[in-house]
Amino acid sequence: MTLDPQQLIDLALKAGASHAEVYQCSSQSRPVFFEANRLKQLESSQSQGTALRLWKEGAPGLAVAYGEVDSTTLVERAIALSALNEPETIELNQPRQHIQPTVGEGIAVETLIDMGKEAIAQLRENYPEVLCSGEFASQEDFSCLVNSLGLHCQSSEVSTDFYLGVEWVRGEDFLAIYEGEHSRQELAVEKAVEGILQRLAWAKTTVSPKTGRMPVLFTPNGATLLWETVVDALNSKMVLEEASPWSEKLGEKIVSEQLNLSQQPNFEPYSCPFDDEGTITQPLSLIREGRLRQFYSDRTRARLLGTESTGNGFRPSLGSYPSPGLVNLIVEGGDSDFEQLVKQLDKGIIVEQILGGGADISGDFSINIDLGYAVENGVITGRVKDTMVSGNVYQVLQEIIALGNDSRWIDSCFTPSLLVEGLSINN
């Protein structure tokens, strides 16, 4: 990084601040892009930023710089901003040094190109009419947090990401399927290709689904519709605002007894040793056998709730204060494989991809199915179009029939498929 954190803190204290904190992050990426079945371009991008937060006479000033900037200028900006704000409780962690060794391994650009070409070739060998796109990128990320009390936390990561997209146009029918992965080791591109090919095979035939209330099978990708609302409901910020329906239900049964949800910050590839406030992350048992065990919080919300931070204070952006964010939501799977779950459906719908946003904190949703399938007598009969599914997340999670043993990462949520009793299907 261009700016030295300790120098910034020393300058801030010399300028009259009583406390100061510097958060820095940088990223360097080398993406490879594919478009219309061909290699389109190679890029190299680099970004770096520094956030200085200080308190003068108890009033906060937060200034952000990207790239190179004069240290004195940044301090003066933060001091000037503090004069515009009211005093607040100062939230700084106590002295501790935590220098995390670099984790992960990168992949050469030439290898990424070969991966993309081979994946597209495999897809078009089976479906020559599809248009394939993709992005394969090796990335290095660094973050550092230093404060005037003596805290110094630092971590770095080398990782690789990819996504594959397939567009299939048949007359007026348009179908898009996407698959991707984040990894610190090898990429499972072959598995992604197999998944896309399977979904294309199920989508060869388009059928008109039955309407009304019927069982729904959410794939891991489709299940994120549910978990996004659950994550919000477990957020201590929502609890303080009395927006979460679970605010007063600690220890009570809130969902099906089959559900066990936890945070596991040491699980790869999304391991996270400490949060953006320098608090060590920890495993959290959030819901156990359907009962609410705890919420997750940063330092500020924990103080207001009279509890301790769970190490979940993360910055939405450099110019933002830390707020509660979850690390690695783990949804414990069941015993049934995907085929067994399908066989349990006499008549039902499989939800794989949705259009638009999902449910809000109320849990109510009515969404269009972007990619889904009809099931009759335990057999997938084809893709459904122009179909909507409606319900309430909290009700759905009380009516689980079975959980799959096919858990996979969807972003930083490790979730299985789940079969639920009934949702409203219409078109």
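A charge sits over a ring if NZ of Lys or CZ of Arg is within 6 Å of the ring centre and within 35 degrees of the ring normal. Here, the charged end of R53 sits over the ring of Y321, 4.4 Å from its centre. This is a predicted model, where local features need pLDDT of at least 70 and side-chain atom pairs count only at pLDDT 80 or more, while totals for chains, interfaces and linings use all residues. Residues are numbered from 1 along each chain as its sequence is written, and side-chain values use heavy atoms, with hydrogens and water left out.

**Rings**
- R170 also has its charged end over a ring, that of W168, 3.9 Å from the centre.
- F34, F136 and F162 are linked into a cluster by ring pairs (rings of Phe, Tyr and Trp, the last by its six-membered ring, with centres within 6.5 Å; planes under 30 degrees apart are stacked, over 60 edge-to-face, the rest tilted).

- Contact (heavy atoms within 4.5 Å) takes in 38 residues from domain 1 and 27 residues from domain 2.

**Salt bridges**
- Between domain 1 and domain 2 there are 7 salt bridges (a side-chain nitrogen of Lys or Arg within 4 Å of a carboxyl oxygen of Asp or Glu).
- R184 and E268 meet through their side chains in a salt bridge, 2.7 Å from N to O.
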